[in-house]
Amino acid sequence: MTRRVPWTLLVALTLLVVPFLGSRFYTFVATDIVILALFATSLNLLLGFTGLVTFGHAAYFGIGAYTCALLMKELGVPFLLAWLAGGAMAAFFAAVFGFFCVRLTKIYFAMLTLAFAQIVWAVCFKWNDVTGGEQGLPNVPYPDLEWMDAVPLLADFRVGDKFFFVALVLVACCFAALRRIVDSPFGRILTVIRDNPERAQFIGINVRLYELAAFVVAGFFAGLSGALFGIFNRGVFPDFAYWTKSAEPLIMTLLGGMGHFWGPAVGAAALIILNQQITSYTEYWPFVLGLVLMILLFAFPGGIVGTLAGARWRLRRRPVTLPKPASDPVSRNA
Amino acid sequence: MEPSFLFGQFLGGLTAAMFLFLIASGLSLIFGVLRVLNFAHGSFYMLGAYLAWQIVRWVGPEGEGFWLAALGAALGVAILGAAIERLLLRHLYRREELYQLLFTYALVLVLADVAKVTWGTGQLSVSRPPSLSGSLQLLGITVPHYNLFIILLGPTIALVFWLLLQRTAIGRVVRAAALDREMLSALGANVGWIYTGMFFVGSFLAGLGGALVTPTQSIVPGMDVAVIVDAFIVVVIGGLGSFWGTFLGALIFGQVLAFGILVFPGFSIFAVSALMATILVVRPWGLLGRPIR
């Protein structure tokens, strides 16, 4: 029975409808979700697919945000170019930092990623002439979206709604690229490394090189997401690279389920919607987030997607596609 | 530059180093034995500071109530730490490191808000105890007695812990737990209680550090996330789990911070992070640590 529902397409179409609801607030939340879903998914390439626990992913988010904002604000570079430059700059720094990080394992890897992220944060925080220091870079311009006025249906939207369409299309392209990467032979090798690094090394995979490649790709997409976020947020601030920002995509990934490609995106949506609900009642959102995180860690380690997949399995009494590849690529290739 | 000015910078760095040592030594002990990197250690430090303020308010600021407050705050934090380990953290030991890391991060979030609800978001301060409120002229600069006390307290605590670890039966068991917990457990030691005990001691040190820092710094929300990164840097420089390494790491951190300001104004926070990264690249196990696994 292969009654496959094209969930991806359905979700993308549903999101396209959001600005038509006419609520500035819904568009705001949807833009936030779309951009941070990309950030969390880029992290999951390392966490869920390669098995690398990084505590400094915000560095690349911040680098992308600053690069894109500076290019657009100070030099007037067109948006699409500045956006790609943000990703490229983040990828470049991911390559430099990652070169050192992949030499270490486990807790030392996490600590070194944290150390590099703190360096990035310190530079953003203190380099007043370029990054604006503690005050950040306010008033990042929206991209030039006047061409949309020529498009029927889109002409009457507010600039925030127009930017949402742009962000949605760009993030959708990123997701398609990430999906291809994960399903490619390259992505398969990453999961081999996650499951058994020694064995991967033994069959001739250059583990460090693959880990570095994954690190650079993850950094690139984190940078792209940061670049969009800077524009959406109308400003870029040193907090974008602070260590607590690195915890955000980790929580989203865990909440959604790190064993699944779409887990982090689901987690991002759930977390942001929850945040909007809770903050309308109380200012103590971190307290609630901490409790949610503890409940997840103790009771639902598979996250939302993992738990749902498990429940579906129990209902139907038949196996569903498991997070780890069912066939073992190692023995097949060997 | 005047020699007395440089000496002042040196002493300032030394005082900062001893505070950091108090906090980082607890972090290092917990990591050395439990292999858990405790993000909530900074929150315990913050709670120590708030509790000390609270107790000083109860007993009155005059007289030597400060010492009672410092000890009470440290004990309170230690009991909280031990309870968290016993009731929650121990259920995550079998999981991956990520789960333990995120659990301690969840504690950071929860404890920060608990402190905000209880003590508000304003700045609080505690005055120096009368017995140490004076100061002393040393090589042309004025050094408060309290800072001298802290500079002497750091090495004293280091020596006491070193003797406890090296020369007592309990210390031997703790060192064994750091090396091979399965073997120790097979030999009949109750490893579970050793872990709780280490969490108690580590949290005590964090609480004590927080309480003792109150006469020199105001208590503000956010001191928890700021201090934990510094403590990580200290522990990484010296070597995760290495006791004297932490001491050395704190000394280096303090001096880099004090003199970094002169060399690269404004970039001293950059200098210490860069130092941590360099150490991790060149010698991941730290200056005095041993490679593990």
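This is a predicted model: local features need pLDDT of at least 70, side-chain atom pairs count only at pLDDT 80 or more; totals for chains, interfaces and linings use all residues.

Author: Chain A holds 15 helices and two strands. Its radius of gyration is 20 Å, close to the 20 Å that the globule rule gives for 334 residues, so chain A is as compact as a globular protein of that length. Along the principal axes, the C-alpha atoms of chain A fill a box of roughly 55 × 45 × 40 Å. Of the contacts in chain A between residues at least 6 apart in sequence, 75% join residues at least 24 apart.

The part requested is the contact itself, to which chain B gives 31 residues and chain A gives 32 residues. On the side of chain B that touches chain A, the elements giving two or more residues are helix H4 (97-119), helix H9 (223-238) and helix H11 (268-282) of chain B. H4(B) supplies the largest share of that side, with 13 residues.

Strand S1 (residues 135-138) of chain B runs antiparallel to strand S2 (residues 141-144) of chain B, and four bridges join them. Within this pair, B:Ser135 stands opposite B:Pro144 in S2(B). S1(B) and S2(B) form a hairpin with two residues between them, and B:Leu139 in the turn has a positive phi of about 45°.

Definitions and conventions. Residues are numbered from 1 along each chain as its sequence is written. Chains are lettered from A and ligands numbered from 1 in the order in which they are written. The radius of gyration is taken over C-alpha atoms; the globule rule is 2.2 Å times the number of residues to the power 0.38. Two residues are in contact if their C-beta atoms, placed from the backbone, lie within 7 Å. Two strands pair if DSSP finds at least two bridges between them.
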